[in-house]
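Open the model in your viewer and keep the sequence panel beside it.

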Amino acid sequence: MSLTVVANRVPIRQSDNGDWVASVGGLTTALLPVLRQRGGAWIGMGEDPDLPERQLFPADDPDFTVRRVPLSEDELEGYYYGMANRVLWPVSHYMIQHFEPNPRFMETYRSVNRRFAEAVLNEVDRDDEQIWLQDYHLMLAPQWIREARPDVTLGHFWHIPWPAMEVFRILPWARELLRGMLACDLVGVHVQEYVDNFLESARVLLGAEIDGQTVHYNGHTTRVEAHPIGIEVDRFKQMAESEEVRTKAKQLRERLGTEHIVIGIDRLDYTKGVLSRLEAFERFLENNPAYHGTVSFYQIATPSRTKVDTYQQLKREVDEVVGRINGQFARDNWVPVNYRYRTYTQFELCAFYRAADAALITPLRDGMNVVTQEFITANQNGVLILSELTGAAYLLPEAIQVNPYDKDGLAASIRTALEMSPEERTTRLNALKSTVEGLDVQRWARGFLDALHA
Ligand code: ADQ
């Protein structure tokens, strides 16, 4: 049975020598083997008018079709920067202070979702086709696909939190968006909490009938299931054990020269809690003068959504807080906060994971957070401090769990981590490792597709 994947971005990129290669990322790695084996298509947005709308990949011995839905600047602005990033993202993460309910965003979102649906209908010709849509960019496309093709199997995976019904209903178009999703046969989310929230939204806002984890609405049935995503465990393990990563990790420890290293690694996004984490580290330094000179905090932030005002403002605020902490506490050769605003390769990230004594992963809200799993896999004896407001927290009880809004609690958890006995570190980390092994991303993809088939 062939597969059509529909996601915001296509899974290939042009390398420096002009060849097309698969891009790096969990979703691509999980789904390309399936597409290779079964054939089919991957449909995503086309931001560059110079690239072809259809392309076979790999060019010399094609396994599947890459299809781009070309978007004008205005469409990109309304659909992606507007509806996806300034409406659905903040509301799903309970950050309604960043929510901009502009009806023009929704208008464009409708028309772009319709174009995605048309692209799918053009690609799909066989009866036994499975279609798998990804994420909050594509809530309406399922309905239009279903109207034209009642026979296809439609799945949707939602990568961010599905918020509580009372928050979801803040969206002026909540019912229309939900109806779009309910054209699917299977909706997947990371954890049971989000399943429950989705079911509650369908029950209250649409009057749908709920039977266990199944929604009956408008003559159609949708199952809603938790399928927690994982990482490429084997590859991360191999990278972490490689000579290159070991050397880099050692060099980093020597360069920083402190007894303890604490890391934070995120896209620079207001949901990731970078500012409050820095403030908590500042509080830790205020409360624990004995630790001055002995601990370095290394925060890496990847530039993200840099065209959106709130992200530009966040960057300025982070710069300011880093400057303030270092201005107040740095002495001799010791710089308490090392901050890098850039993208690293996975090898480089692995070196940070390996060098660290503790990771501070403290989003204000996060669907899952896979940095957590990368740290657990690559690190050897460190401590994970994890926000309880992430999907990952439901699966990883052996982490030190914190409320990211509790600055004192967070500051105290840093000290707890640094003073934890080696035995306790090992026990906790081993338990975390065994959970993460079970969440492997290939297994996640197979699990979802098997459930879709069932
Ligand atoms: P994201 O919000 O993007 O994804 P996350 O799960 O944290 O978040 O993954 C980020 C990825 O970016 C990781 O693989 C990490 O290695 C990489 N990364 C971070 N900083 C980097 C840097 N400086 N350089 C290079 N790479 C960097 C959404 C949801 C999450 C959910 C995922 C998967 O918001 O909740 O876990 O999808 O479903």
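Select Cys 184: is Cys 184 buried or exposed? Cys 184 is buried, with a relative accessible area of 0%; buried means under 20% and exposed over 50%, with partly exposed in between (1.4 Å probe, protein chains only). Go on to Cys 350, which is also buried at 0%.

This is a predicted model, in which local features need pLDDT of at least 70 and side-chain atom pairs count only at pLDDT 80 or more, while totals for chains, interfaces and linings use all residues. Residues are numbered from 1 along each chain as its sequence is written, and side-chain values use heavy atoms, with hydrogens and water left out.

The shell holds 23 residues, and His 159, Thr 302, Tyr 344, Asp 366 and Glu 374 are the closest.

Now show the polar contacts (pairs of N or O atoms within 3.5 Å):

- Side chain of His 190: an N or O atom is 3.2 Å from a ligand oxygen.
- Side chain of Arg 267: the distance from an N or O atom to a ligand oxygen is 2.9 Å.
- Backbone of Met 368: an N or O atom lies 2.8 Å from a ligand oxygen.

Of the 730 Å² of accessible area that the ligand has on its own, the protein covers 82% (Shrake-Rupley method, 1.4 Å probe).

Finally, colour by secondary structure (DSSP runs; helices are H or I of at least four residues, strands E of at least two). Strands S13 (260-267) and S14 (295-302) and helices H12 (346-355) and H13 (371-378) each supply at least two shell residues. S13 gives the most, with three.

Terms used. A residue is near a molecule or strand if one of its heavy atoms lies within 4 Å of it. A polar contact is a pair of N or O atoms within 3.5 Å; within protein, one must be able to donate a hydrogen and the other to accept it, and residues adjacent in sequence count only if both atoms are side-chain atoms.
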